[in-house]
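Please view the sequence and the coordinates together while reading.

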Amino acid sequence: MATDDFFRARLDGMVDPRHPLAVLARRMPWPQIEASLAPLFARKARMGKARDNADMFGPTLVVSAGGLSRAGRPRLPIRLMVSLLYLKHAFNESDESVVERWSENVVWQFFSGMEYYQTKLPCDATQIGRFRRVLGEAGVEQLLKTTIEAAVAMKAVKPVEFERVIVDSTVQEKAIAHPTDSRLLEVARAKIAQLAKRAGLQLKKTHEREGKTLRRRAGGYAHAKQFKRLRQVVRRQRTILGVLLREVQRKMTALEQAAQDQLKPWLERAEQIRSQRSKDKDKLYAVHAPEVECIGKGKARKPYEFGVKVSLAVTHKQGLIVGARSFPGNPFDGHTLAAQLEQTGALLQDIGVMPKVAVVDLGYRGVDKEIAPVELIHRGKHKTLSKEQKRWLRRRQAIEPTIGHAKHDHRMDKCWLKGAEGDALHAVLCAAGFNIRWLMRVLLRQAQAGDLKHAFYALMGLCAGWFTGITAMFSRAMTAQGVRRLQLTA
């Protein structure tokens, strides 16, 4: 194949054009994605600074350093960064591993819009995180919306199927250790001691050696089920944390106001951990992630999960995800349905279809007025449902494997992103990664169906040829036999 660069190989000559990801690279509306995200990365005009200037005509006021700045290196292509986010969640990779695997995979590079194969990393792994933060929740929802529109453009799903959706909630766990009282107290003590040392405070005692010893003893007592000794150790840990907090509060008054403002949030979290008890509400389960909540979903294998509640909406027939949203505060499932349907309607507005029927479980009952005119179907209405609606209800469980795949294959089981905003971004990106793999499976089935179709037509042509040949042979034989009969008669 002709190439403009003699020393590099073109990717379109290296990849299999029938590979699902290569086909998807040609089917995705990349110009539309770039046009919708370009305003987020446009260089912003600066107001400039006014300064006095004197010349031969007298003093004047001059504005400098205003307008658009061209300083800094050029930004990476939007398609490259978007494709890295798609590939990260479609193939369950981290920010570090996705860039390493990208440099070794020619199909991934072709999907990202590269023309020539390159062995270097596409970017630093930290740039993916900065790109994700700039996108925000609206930007990642645009990525999810693009996968839905691509499915419609490829005729993998009919627009009428979006009128009926299945909605369910799950827990997106945060990447934190199990929050035992002993561990939380020791982490809080170590964090306060570290921040005090960084601020320049001279503490009489940080209790570092005793804290480590108490933490080890608490683990041993808990394993041996010696709970009376365990309570004594935890009581001592609360005592030394309180001593450390009071000393830091006394000495921080000598610091500057900026340093005090930096210390106060951590002191408040440590004080909450020291004073909270097992039966309290609004407890703190991680020092670095105060947004984490304890959610019980009634699972025997895992009674409590620590993270945020996430709602998913999928099409009733095909199982394509058409909505994913996080809900901080652990609200009742029914109170999340209106917001979830609102997001689904916004993602489907360019297709021209709105959800009309929502199939849910009993956790969503009692919210018919809030979601009107959308019809709510659950098994609590079994006596009043028609035969068709009962058939729809029997497929409600189809969302459960979708949730399982989103967790185990697309990184929804653990969220490593910071804060409540990170939880919201992660949920939508996991749904977009699920849809990418869904589209790849559809393309693979279409290719297999096309191969079978071609094979069928070839077989029919071969059979037609055989039939024509046999007919011709039979016709010649009958003609020869008739000539011999005429000769014998004559």
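Is K155 buried or exposed? K155 is exposed, because its relative accessible area is 76%, and the cut-off for that class is over 50%. The model discussed here is predicted.

**Overall architecture**

- The protein chain contains 14 helices together with nine strands.
- Buried residues account for 43% of the 490 residues in the protein chain.
- Taking contacts between residues at least 6 apart in sequence, 67% connect residues at least 24 apart.
- The protein chain has an accessible surface of about 28100 Å², and carbon and sulfur atoms contribute 55% of that surface.

**Backbone features in loops**

- K155 belongs to the loop that runs between α6 (125–153) and β3 (164–174). Its phi is near 60 degrees, which is a positive value in a residue other than glycine.
- K225 likewise has a phi near 60 degrees, again a positive value in a residue other than glycine. This residue is located in the loop between α8 (208–223) and α9 (227–251).
- K225 is classed as exposed because its relative accessible area is 60%, against a cut-off of over 50%.
- The peptide bond between A372 and P373 is cis, with omega at about 10 degrees. P373 sits in the loop that links β7 (357–359) and β8 (375–377).

**Charged surface patches**

- E96, E100, E104 and D124 make up a negative surface patch. One of these residues, E100, is part of helix α4 (residues 95–102).
- E100 has a relative accessible area of 46%, so it counts as partly exposed. Membership of a patch requires over 30% relative accessible area and no salt bridge.
- R73, R130, R133 and K418 make up a positive surface patch. Among them, K418 occupies the loop between β9 (414–415) and α14 (419–489).
- K418 counts as exposed because its relative accessibility is 78%.

**K407, a buried lysine**

- K407 is located in helix α13 (residues 399–408).
- K407 is buried and yet has no salt bridge. The nearest side chain of opposite charge belongs to E305, at 4.1 Å, whereas a salt bridge requires a side-chain nitrogen of Lys or Arg within 4 Å of a carboxyl oxygen of Asp or Glu.
- Not counting residues up to four places away in sequence, K407 touches T170, V171, K299, E305, M412 and D413. E305 is therefore a contact of K407 under the 4.5 Å limit for heavy atoms, although K407 has no salt bridge.

- R215 is a residue of helix α8. It is partly exposed, because its relative accessible area is 29% and this class lies between the buried limit of under 20% and the exposed limit of over 50%.
- Apart from neighbours within four places in sequence, R215 is in contact with T180, S182, R183, E186 and Q237.
- R215 and L184 are separated by 31 residues in sequence, with a C-alpha to C-alpha distance of 9.9 Å.

Notes
Residues numbered from 1 in each chain as written. Predicted model: local features only at pLDDT ≥ 70, side-chain atom pairs only at ≥ 80, totals over all residues. Heavy atoms only, no water. Patch = residues over 30% accessible without salt bridge, like charges linked within 9 Å, V, L, I, M, F, W, Y side chains within 5 Å. Areas by Shrake-Rupley, 256 points an atom, 1.4 Å probe, with all protein chains shown as cover. Lys, Arg positive; Asp, Glu negative; His and termini not counted. Charge placed at Lys NZ, Arg CZ, Asp CG, Glu CD. Helix = DSSP H or I, 4+ residues; strand = E, 2+ residues; numbered from the N terminus. Buried < 20%, exposed > 50% of the residue type's maximum accessible area, 1.4 Å probe, protein only.
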